[in-house]
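Hi,

Here is the structure I promised to pass on. Have a look at it first, and then read my notes below.

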Amino acid sequence: MSVESGHLIEAFARLGLDGSLVAIGDRGYERHRRVWNGVIDRRPSLIVRAGSVADVQRTIEVAAAAGCLIAIRCGGHSFPGFSTCDGGVVLDLSALKQVVVDRAERRVEVSGGALLGDLDRATAPYGLVSPAGVISHTGAAGLTLGGGMGWLSRRLGLTIDSLVGADVCLADGRLVHASEAEEPELFWGLRGGGGNFGVVTRFLFRLHDLGSILVGSWACAATESAGVLAGYAELAARASRQLGTAFTVTRDMMRMSAVWSGSEHAADASVAAFGGLGGQLSGSVGGVTFLELQRRLDDHFPWGRRYYAKGGFLADLSPEVIDCLTSSVAAAPTSDSEIYVLQLGGAVADVSDHETAYTGRQASFYWIVEPVWDDPADDDRCISWGRETAAQLASLSMSGNYVNEQSDFGGETTRKAYGNQKYERLATLKARVDPSNLFRLNQNIPPA
Ligand code: FAD
């Protein structure tokens, strides 16, 4: 044990935490230091498994006083591994996963360590939903702070568009509430600015009627995908905002889904139209509940495999984009490596770009290139394919980016994601609430 970690452990042990401490050599250390992406292999000096909001405040105070690196963890799904570190402290909120539904007020309170599955399981039995992502083991906190997009975004907006308030523990240990009425600038920054401004211990979201769900899923061989996608582009451009659509291309296959939610009117015909895009498409419509839909891809992205990701926004699905997608994926390094494209627009674009820190409201689609592999010997080959493919797609994409799905960071990455004006505003906020840049393991915005 190093002198640094010895001091840290003593300092934390004196606090009398409601949760627990896991240090190097302790039972459970190997399990608790792991994050979702198998590429990330870091060894923090100490993992604080917070058992209460007070633990979060105490941990921040001690880490700030000691000047040590601190990583904040909810679901552990950060692609670049921001929720862990070598040396330093991991503040692990995963035990704080309470979700409380207030049906009368149509609100849901979500603790800072809850997963998307915790949220959906709490609200769906009442026929209510707060829209989030597409894989249930993703952390609600990390996803929300970047924006949060999924099947219902076109109808109900991004996750942040349902956020009405958040309790945030700042770098000086103070707990503040941020909403339109209190700390409005912090509330603006939390909606897209990532984990830069403090640790959110509780989110308060608006709830919506889930309504009926109708899911269509189809697949075809990769050789057929260009033709099908040309038809998809036309159909998606005319689609109702009650439809969320997405497709994935791999070197062997193309998979496409259309998810209808809300009132049933026109659901069948709208979903079925996507299945009629080409003779080679096979698939089905219906037979999937909302909770099943939200878990459907869980096993496709398990903990511990090796991943790299890079994304961007598209104004449309032009023939050049379709050609780039289909030709680059043909050279994918593994059969599981993919390019995923999610349709945006609808309610996402109802909110103007300056209203929240999230950037990319006018995009019609979001793409993400995602090599997936298992053998560390393949790291360079797989990451190179990801970077090269992303560079080609980026040349056809809009400015701005989604900070939550970028394996690369540093340099100008964050400034480019937000654009100069928003970046400066975020840096000014950062200087007020975290002047020493305590929370720097993120797509970092150094204080102005
Ligand atoms: P963590 O690694 O725990 O945290 C990531 C970062 O978020 C931390 O470093 C910290 O900066 C911040 N953070 C976490 N918790 C807190 C907190 N309580 N307070 C303050 N800061 C905090 N995105 C979508 O929009 N839609 C999707 O459908 C979607 N699907 C995904 C599926 C998978 C398998 C993966 C790996 C990612 C997906 N993402 C999706 C991206 C996802 O939004 C980000 O990876 C996000 O950071 C994950 O959050 P987490 O809490 O699991 O991550």
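**What turned up**

A266 lies in the loop that runs between strand 14 (253-262) and helix 9 (267-275). Keep in mind that this is a predicted model.

Backbone first. Although A266 is not a glycine, it has a positive phi of about 75 degrees. A266 counts as partly exposed, at 38% relative accessibility. R106 is another non-glycine residue with a positive phi, here about 55 degrees. You'll find R106 in the loop between strand 5 (99-102) and strand 6 (107-111), and at 31% relative accessibility it counts as partly exposed. I flag these because most residues other than glycine have a negative phi.

Now the charged side chains. By the rule used here, the count comes to 29 salt bridges. One of them pairs R305 with D374, with the closest N and O atoms 2.9 Å apart. That pair links distant parts of the chain, 69 residues apart: R305 is in the loop between helix 10 (290-295) and strand 16 (306-307), while D374 is in the loop between strand 20 (372-373) and helix 12 (379-394).

K310 and D408 form a salt bridge too, and their closest N and O atoms are 2.9 Å apart. K310 lies in strand 17 (residues 310-314) and D408 in the loop between helix 12 and helix 13 (413-418), so this pair ties together parts that are 98 residues apart in sequence. D408 has a relative accessible area of 17%, which is under the 20% cut-off, so D408 is buried.

R415 and E412 also meet through their side chains in a salt bridge, at 3.9 Å from N to O. R415 is partly exposed at 25% relative accessible area, and E412 is partly exposed at 46%.

Elsewhere, salt bridges that share partners join E30, R33, R34, D41 and R43 into one network. Within that group, have a look at R33. R33 sits in helix 2 (residues 29-33) and is buried, with a relative accessible area of 5%. A polar contact of 2.8 Å joins the side chains of R33 and E30. Which residues does R33 touch beyond its neighbours within four places in sequence? They are D41, R42, R43, P44, I47, R73 and T84.

Cheers

Key: Residues are numbered from 1 along each chain as its sequence is written. This is a predicted model: local features need pLDDT of at least 70, side-chain atom pairs count only at pLDDT 80 or more; totals for chains, interfaces and linings use all residues. Side-chain values use heavy atoms; hydrogens and water are left out. Helices (H or I, at least four residues) and strands (E, at least two) are DSSP runs, numbered from the N terminus. Buried means under 20% relative accessible area, exposed over 50%, partly exposed in between (1.4 Å probe, protein chains only). A polar contact is a pair of N or O atoms within 3.5 Å; within protein, one must be able to donate a hydrogen and the other to accept it, and residues adjacent in sequence count only if both atoms are side-chain atoms. Contact means heavy atoms within 4.5 Å. A salt bridge is a side-chain nitrogen of Lys or Arg within 4 Å of a carboxyl oxygen of Asp or Glu.
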